Amino acid sequence: MTAYRTAEEACSYGMAGAHVRAEEAKERLEMAQDTLRRQARINFLLNQEVTA
């Protein structure tokens, strides 16, 4: 029973670690999307000045 419990705990910790990594990846993705949106806005505004 001890080996089973140990395996169960290891799996639980592994799942928790994977969840944390997924949350961190989601945050990095959101930051990258924000950066791209800002850059697109800057490019749009610069293009408006050039064509004006």
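The dialogue below goes through fold, surface, charges and a salt bridge.

Author: This is a predicted model, in which local features need pLDDT of at least 70, side-chain atom pairs count only at pLDDT 80 or more, and totals for chains, interfaces and linings use all residues. Residues are numbered from 1 along each chain as its sequence is written, and side-chain values use heavy atoms, with hydrogens and water left out.

Reader: How many helices and strands does the protein have?

Author: Helices (H or I, at least four residues) and strands (E, at least two) are DSSP runs, numbered from the N terminus. Here there is one helix and zero strands. The radius of gyration is 22 Å, well over the 10 Å that the globule rule gives for 52 residues, so the protein is more spread out than a compact globule. That radius is taken over C-alpha atoms, and the rule is 2.2 Å times the number of residues to the power 0.38. The C-alpha trace spans about 75 × 10 × 5 Å along its principal axes.

Reader: What percentage of the residues count as buried?

Author: Buried means under 20% relative accessible area, exposed over 50%, and partly exposed in between (1.4 Å probe, protein chains only). Of the 52 residues, 0% count as buried. The protein exposes about 4900 Å², and carbon and sulfur atoms supply 61% of this area. Accessible areas come from the Shrake-Rupley method with a 1.4 Å probe; for residues, only the protein chains shown count as cover.

Reader: Which residues gather in a patch of negative charge?

Author: Patches are made of residues with over 30% relative accessible area and no salt bridge, like charges being joined within 9 Å. Lys and Arg count as positive and Asp and Glu as negative; His and the chain ends are not counted. The negative patch on the surface consists of Glu-23, Glu-24, Glu-27 and Glu-30. Glu-30 is found in helix α1 and is partly exposed, with a relative accessible area of 38%. From Glu-30 to Ala-18 is 12 residues in sequence and 18 Å in space, C-alpha to C-alpha.

Reader: Which residue forms a salt bridge with Asp-34?

Author: A salt bridge is a side-chain nitrogen of Lys or Arg within 4 Å of a carboxyl oxygen of Asp or Glu. The structure holds one. Asp-34 pairs with Arg-37, and their closest N and O atoms are 3.5 Å apart.

Reader: Where do Asp-34 and Arg-37 sit in helix α1?

Author: They are three residues apart in helix α1 (residues 2–51), so about one helical turn separates them. Asp-34 is partly exposed at 35% relative accessibility, whereas Arg-37 is exposed at 52%.

How values were computed:
Patch = residues over 30% accessible without salt bridge, like charges linked within 9 Å, V, L, I, M, F, W, Y side chains within 5 Å. Charge placed at Lys NZ, Arg CZ, Asp CG, Glu CD.
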